[in-house]
Amino acid sequence: LHGLQVNNNADYRVVIALTANYGLCYMGLLLVGLLAEPIKHSLQLSDLQLGVLTGLSFGIAFTALILPSARVADRWNRRGALFLCGVVFIASTLLTGLARDFYVMLFARILVAGCQAFQYSLSVSLIADALPAERRPLGFSIFTAGTWLALAMGFTLVGYAEKFLGWRGAFYLVTALYVLMLPVVVFMVRDNRRTGTVARPSLSIVFKKLVRKPTFTALVLIACLYGFAVNTTANWTSAFLIRSHEIGRAHV
């Protein structure tokens with residue numbers, strides 16, 4: 001960290017705080033997939049209902065809210081929005097653990113997915129303002145790699161915790177961890193918005209220019225395939241290993 005702070009214009013503490021924050025939120029989103037089997041048996045769900053909880057609920061909520069969340073990041077106080085979003089995440093994750101039927105669980109997961117959209121837009125915006133242009137690739141690389149590292153560590157912790165606390169206790173544990181972390185993240189993040197004199201073009205003008213670029217179209221298609229592969233694998237690998245190979249959930 002000492003080496004990273006040589007450039008006074010680059011605040012990597014913000015990057016690290018937002019990475020930990022987003023990583024724990026992403027883990028909370030994918031947790032239903034990891035705990036699919038005990039949730040299915042406890043709530044007597046079908047595989048179709050599990051698919052709705054882990055896929056459709058996330059896809060619709062995230063897609064519907066990602067552009068509005070980016071507008072919030074443009075216009076509102078991002079630190080305050082981050083805190084509000086964190087409070088909603090705490091409530092919705094706790095509600096997931098308390099859910100006694102499919103519809104309550106579905107409502108809770110839609111809220112979590114919506115929080116994920118806001119957390120992503122706010123994190124990207126804050127990291128972009130915390131670093132000068134030439135340092136942003138490194139900053140976003142730290143953000144991406146750190147998110148997956150947090151997932152790996154978190155899934156291992158929750159997998160063993162579920163063995164002793166049950167699947168509901170696993171959600172309570174994630175809730176408690178985030179309650180402890182959120183004040184630290186909000187304290188570390190500063191909303192120092194960069195201001196420019198160049199007028200910003202409208203979204204429609206930007207979109208028309210982007211769709212004319214083959215690279216943009218290719219990146220969109222690749223992102224869709226990546227999202228499909230990552231989310232389906234993350235959500236169904238646990239159930240596959242338990243059903244087909246009788247591997248324990250902690251080992252999964």
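Which residues in α2 are buried? The legends below take up this question and others for a predicted model, in which local features need pLDDT of at least 70 and side-chain atom pairs count only at pLDDT 80 or more, while totals for chains, interfaces and linings use all residues. Residues are numbered from 1 along each chain as its sequence is written, and side-chain values use heavy atoms, with hydrogens and water left out.

View 1. In α2, the buried residues are A36, E37, P38, I39, K40 and L43, where buried means under 20% relative accessible area, exposed means over 50%, and partly exposed lies in between (1.4 Å probe, protein chains only). Helix α2 covers residues 36-43, and because six of its eight residues are buried, it is largely enclosed by the rest of the structure. Helices here are DSSP runs (H or I, at least four residues), numbered from the N terminus. The cover over the buried residues of α2 includes α1, α3, α5 (102-130), α6 (136-188) and α8.

View 2. Q44 sits in the loop between α2 and α3, and its phi is near 55°, a positive value in a residue other than glycine. Q44 is exposed, with a relative accessible area of 70%. E246 lies in the segment after α8, and phi of E246 is likewise positive, near 55°, in a residue other than glycine. E246 is exposed, with a relative accessible area of 71%.

**View 3. The contact of α1 with α8.** These two helices pack at an angle of about 50°, with their axes 7 Å apart; axes are lines fitted to C-alpha atoms, for helices over the stretch in contact, and angles run from 0 to 180 degrees between N-to-C directions. That angle makes α1 oblique to α8, since angles under 35 degrees count as roughly parallel, over 145 as roughly antiparallel, 65 to 115 as roughly perpendicular and the rest as oblique. On the α1 side the contact (heavy atoms within 4.5 Å) is made by Y26, L30, G33 and L34, and on the α8 side by V230, N231, A234, N235 and S238. The residues of this contact divide into five nonpolar, four polar and no charged, where Ala, Val, Leu, Ile, Met, Phe, Trp, Tyr, Cys and Pro count as nonpolar, Asp, Glu, Lys and Arg as charged, and the others, Gly among them, as polar.

**View 4. The largest cavity.** The structure holds one cavity of 30 Å³ or more, and about 60 Å³ of space lies in the largest cavity. On a 1 Å grid over the protein atoms alone, a cavity is a set of points where a 1.4 Å probe fits but cannot get out, whereas a pocket is an open set with protein on both sides within 12 Å along at least five of seven lines; lining residues have an atom within 4 Å of a point. Grid points are joined across faces, edges and corners, and a volume is the space filled by probe spheres set on the points. The lining of the largest cavity consists of L29, L30, L53, T54, S57, F58, R109, N231 and N235. Two or more of these residues come from each of α1 (12-34), α3 (47-75) and α8 (214-245), and α3 gives the most, with four residues. By class, this lining has four nonpolar, four polar and one charged residues.

**View 5. The largest pocket.** About 2100 Å³ of space lies in the largest pocket. Of the 46 residues that line this pocket, F62, I66, L67, Y120 and S121 are the closest to its centre. The elements giving two or more residues to the lining are α1, α3, α5, α6, α7 (203-211) and α8, and α3 gives the most, with 14 residues. The lining of the largest pocket divides into 27 nonpolar, 15 polar and four charged residues.

**View 6. The second largest pocket.** The second largest pocket holds about 190 Å³ of space. Among the residues that line this pocket are L65, V72, W76, L84, C85, I110, G114 and F118. Two or more lining residues come from each of α3, α4 (78-98) and α5, and the largest share, five residues, comes from α5. The lining of the second largest pocket divides into 11 nonpolar, one polar and no charged residues.
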